[in-house]
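Hello,

Here is the structure I promised to pass on to you. Have a look at it first, and then read on for what turned up in it.

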Amino acid sequence: MCRFCGRKEPEVYFRKIAHAIPESLENINLFTNYECDECNHKFGNTIEDHLNKYLFPNRIASCILGKKGTITYKHPIFEENRIDVTNGHWEVKTDGKIELVQQIDEHTLQINLTRQTYIPVNVYKALVKMAISIVPESEISNFDNTIKWLQSDEKSIEDYFGKFVIMRFFPGLERFPYIKASLFKRKDDSLITPAYQFFISFSNCAYSS
């Protein structure tokens, strides 16, 4: 049964490989059997698309290539100015008028990108969807309202994005060579804290929500 829409075969199918963590983050090992093809397609083209746009500068900086094995940034106006990343190497093409990459000192590079437009609440939903994907079956009933919100078009949480998501970027060589995803459950229900917290780290990034 799909834990996102509550349907099962033959009403829906489970023929596609469903990634518990998006493949765009180079996840090749963490899968879920609880996501139908329809929900997989819907999430991939909505909330996960906004997550990719939000993470795009970090993906360029950290050479997170995703399922295509390459990632490219083109200037939104002058497309001949671009950064192509393949096999952990950058190739910077410029007409000399725009500095996509500047060397600040011998230890620091500054990357000048125009961030793609994204909706913050959809980025948060993408993180929540990952968390629900790894919830043990014995706990999934505690997330009924969360799943309903995930499937809705509600955007009221948007103004509070920074309060729900903590992000850290660790400079230098790849700090987290493997994706790590963890879900923490509150032990003491008298505490005024979230019942569950999701943590994920990959490459140079770590997120808590």
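Before the details, one term: two residues are in contact when they have heavy atoms within 4.5 Å of each other. Please also keep in mind that this is a predicted model.

Let me begin with the whole chain. Its secondary structure comes to five helices and 11 strands. The C-alpha atoms fill a box of roughly 55 × 45 × 30 Å along the principal axes. Of the 209 residues, 38% count as buried. If you take the contacts with a separation of 6 or more, 55% of them are between residues 24 or more positions apart.

Now to the helices. Two packed helices are described by the angle between their axes and the distance between the axes.

Which residues of α3 and α4 meet? From α3 (residues 120-133), the contact takes in V121, Y124, K125, V128, K129 and I132, and on the side of α4 it takes in T146, I147, W149 and L150. By class, this contact is made up of seven nonpolar residues, one polar residue and two charged residues. The axes of α3 and α4 (residues 144-151) come within 10 Å and cross at roughly 140 degrees. The two helices are therefore oblique to each other, and α3 passes α4 in a left-handed crossing.

Helix α3 also packs against α2 (47-62). Here the angle is about 110 degrees, and the axes of α2 and α3 are 8 Å apart. That makes α2 and α3 roughly perpendicular to each other. The crossing of α2 past α3 is left-handed. On the α2 side you will find I47, E48, H50, L51 and Y54, which meet N122, V123, K125, A126, K129 and M130 of α3. The residues of this contact divide into six nonpolar, two polar and three charged. If you look for K125 and K129, you will see them in the contact with α4 and again in the contact with α2.

Next, which residues of α4 are buried? They are I147, W149 and L150. These residues cover an arc of only 160 degrees around the axis, so they lie on the same side of α4. On the other side of α4, N145 and K148 are exposed. The buried residues of α4 pack against α1 (37-45), α2 and α3.

Helix α1 can be read in the same manner. Its buried residues are D37, C39 and F43. Their arc around the axis is only 165 degrees, which puts them on the same side of α1. Among the elements that cover these buried residues are α2, α3 and α4.

Is S182 buried or exposed? Its relative accessible area is 16%, and buried means under 20%, so S182 is buried. Leaving aside residues up to four places away in sequence, S182 touches I134, Q197, F198 and F199.

Best wishes

Note on methods
Residues are numbered from 1 along each chain as its sequence is written. This is a predicted model: local features need pLDDT of at least 70, side-chain atom pairs count only at pLDDT 80 or more; totals for chains, interfaces and linings use all residues. Side-chain values use heavy atoms; hydrogens and water are left out. Axes are lines fitted to C-alpha atoms, for helices over the stretch in contact, and angles run from 0 to 180 degrees between N-to-C directions. Helices (H or I, at least four residues) and strands (E, at least two) are DSSP runs, numbered from the N terminus. Angles under 35 degrees count as roughly parallel, over 145 as roughly antiparallel, 65 to 115 as roughly perpendicular and the rest as oblique. A crossing is left-handed if the near helix is turned anticlockwise from the far one by less than a right angle, and right-handed if clockwise. Ala, Val, Leu, Ile, Met, Phe, Trp, Tyr, Cys and Pro count as nonpolar, Asp, Glu, Lys and Arg as charged, and the others, Gly among them, as polar. Buried means under 20% relative accessible area, exposed over 50%, partly exposed in between (1.4 Å probe, protein chains only). The arc is that of the directions from the helix axis to the C-beta atoms.
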